[in-house]
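Please read the points below with the sequence and the three-dimensional view open side by side. Each point takes up one part of the chain and may be checked against the display.

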Amino acid sequence: MLVVALCNQKGGVGKTTTALNLARAAHLRGVATLIGDLDPQANTTTTLLGHAPDADGTETVADVLSARSDAVLGDVITGTGWEHVDVLPSGGDTLADVGAELVTMGPGREHRLREAFAAHQALDGARRYGLVLLDCPPALDLLTVNALTAADRVVIVTTAALFSSDGIARLLSTLAAVHRYSNPDLDVAGVIVNSFERTRRQRHWFAELLERAPAPVWQPPVPKATWIAEAVEAGTGLDEWNTPAAAALADTYDGYLSHILEGTRPR
Ligand SMILES: Nc1ncnc2c1ncn2[C@@H]1O[C@H](COP(=O)(O)OP(=O)(O)O)[C@@H](O)[C@H]1O
Ligand SMILES: [Mg+2]
């Protein structure tokens, strides 16, 4: 089981879009995949299940993380319309509450998700996953720290405009702290640039990223295009979108998945 966190403290950069398209690529390859939605905004869950996470009163990742519940992963994981892909649903507002609960929880609070995965792995008959994708919230909070502590690898999702030295510095200092205090094996696998436009300005930022990013910047970047958002909203894969551009982008995500699974580091 390879656990990969998709991370950036900025909202709207494309973490959820990336998580869903990587899960789709894994579905097409037949890799047993779990997509964990750690964002209280629950966009991944809503897209894959077609309804808000706790609308039907079922337990969610919030219950797994909370000390007030005995729920384990197996109680919470749900199948999706994509064969081989299951979802660990976000708890919406409940997950935001549990994020606050973690702040006062004391020792071990960074390890809640990691321990939940370890307990799941130790169970006889539990569903086994080749890949776990963790869609992080737009904050460097304890939900993100739980994802980073549970992860083998982190993929930074960004836009080519954002990488001011501030943004990267803050993210890197969190990654360094997690590396030091709660997950010494955490590996920064790569950087995915989303919503790329071939303007002068974006090409400038992209070039700077290539030089300064803490990990390989995977090529090509994901273009900015309305149909990408539309495909996610419709809950369909790019492979089902039936245009040459969408098919090419599906191949790009498949290439990113290769980098993730094989750990190759092309510049
Ligand atoms: N490459 C893209 N081109 C056009 N729209 C995009 C692209 N990537 C994401 N979006 C849209 O931008 C918004 C934010 O993306 P999202 O993946 O939810 O970001 P995050 O999870 O980082 O907050 C969503 O409405 C999404 O559909
Ligand atoms: Mg998101």
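A residue is called buried when its relative accessible area is under 20%, and exposed when it is over 50%. The structure under review is a predicted model.

1. **Helix α9 and its length.** Helix α9 runs over residues 200–212, and its end C-alpha atoms are 18 Å apart. This agrees with expectation, because 13 residues at 1.5 Å a residue should span 18 Å.

2. Which residues of α9 are buried? They are Gln202, Trp205, Phe206 and Leu209. Around the axis these residues cover an arc of only 105 degrees, so they lie on the same side of α9. The face turned away from that buried side carries Arg200 and Glu211, which are exposed. The cover over the buried residues of α9 includes the strands β6 (153–159) and β7 (187–194).

3. **Helix α10, read in the same way.** In α10, which spans residues 226–234, the buried residues are Ile228, Ala231 and Val232. Their arc around the axis is only 100 degrees, which places them on the same side of α10. Thr226 and Glu233, on the other side of α10, are exposed. Among the elements that cover the buried residues of α10 are α1, α2 and α11. Just after α10 comes Gly235, with a positive phi of about 70 degrees.

4. **The crossing of α1 and α11.** At what angle do the axes of α1 and α11 cross? The axis of helix α1 (residues 15–29) comes within 9 Å of that of α11, and the two cross at roughly 85 degrees. An angle from 65 to 115 degrees counts as roughly perpendicular, and α1 is therefore roughly perpendicular to α11. On the α1 side, the contact is made by Thr17, Thr18, Asn21, Leu22, Ala25, Ala26 and Arg29. The residues that they meet in α11 are Tyr253, Asp254, Tyr256, Leu257, Ser258, Ile260 and Leu261.

5. **The crossing of α6 and α7.** Helix α6 (residues 112–122) and helix α7 (residues 142–150) have axes that come within 7 Å and cross at roughly 40 degrees. The two helices are therefore oblique to each other. From α6, Arg112, Leu113, Arg114 and Phe117 meet Asn146, Ala147, Thr149 and Ala150 of α7. The residues of the contact of α6 with α7 comprise four nonpolar, two polar and two charged.

6. When its neighbours within four places in sequence are left aside, Asn146 is in contact with Leu65, Leu102, Arg109, Glu110, His111, Arg112 and Leu113.

7. **Ala122, elsewhere in α6.** Ala122 is found in helix α6. With a relative accessible area of 64%, Ala122 is exposed. Between Ala122 and Pro89 there are two separations to compare on the display: the residues are 33 residues apart in sequence and 21 Å apart in space, C-alpha to C-alpha.

8. **Backbone features that deserve a second look.** Most residues other than glycine have a negative phi, and most peptide bonds are trans. Ala42, although not a glycine, has a positive phi of about 60 degrees. Ala42 is found in the loop between β2 (33–37) and α2 (43–49), and it is buried, with a relative accessible area of 2%. Asn242 likewise has a positive phi, near 60 degrees, and is a residue other than glycine. The place of Asn242 is in the loop between α10 and α11 (244–262). At 70% relative accessibility, Asn242 counts as exposed.

9. **A cis peptide bond.** Which two residues does a cis peptide bond join? They are Gln219 and Pro220, and omega is about -10 degrees. Pro220 lies in the loop between α9 and α10.

Definitions and conventions: Residues numbered from 1 in each chain as written. Chains lettered and ligands numbered in written order. Predicted model: local features only at pLDDT ≥ 70, side-chain atom pairs only at ≥ 80, totals over all residues. Heavy atoms only, no water. Helix = DSSP H or I, 4+ residues; strand = E, 2+ residues; numbered from the N terminus. Expected span 1.5 Å × (residues − 1). Buried < 20%, exposed > 50% of the residue type's maximum accessible area, 1.4 Å probe, protein only. Arc of directions from axis to C-beta. Contact = heavy atoms within 4.5 Å. Axes fitted to C-alpha atoms, helices over the stretch in contact; angles between N-to-C directions. Parallel < 35°, antiparallel > 145°, perpendicular 65-115°, else oblique. Nonpolar A, V, L, I, M, F, W, Y, C, P; charged D, E, K, R; others polar.
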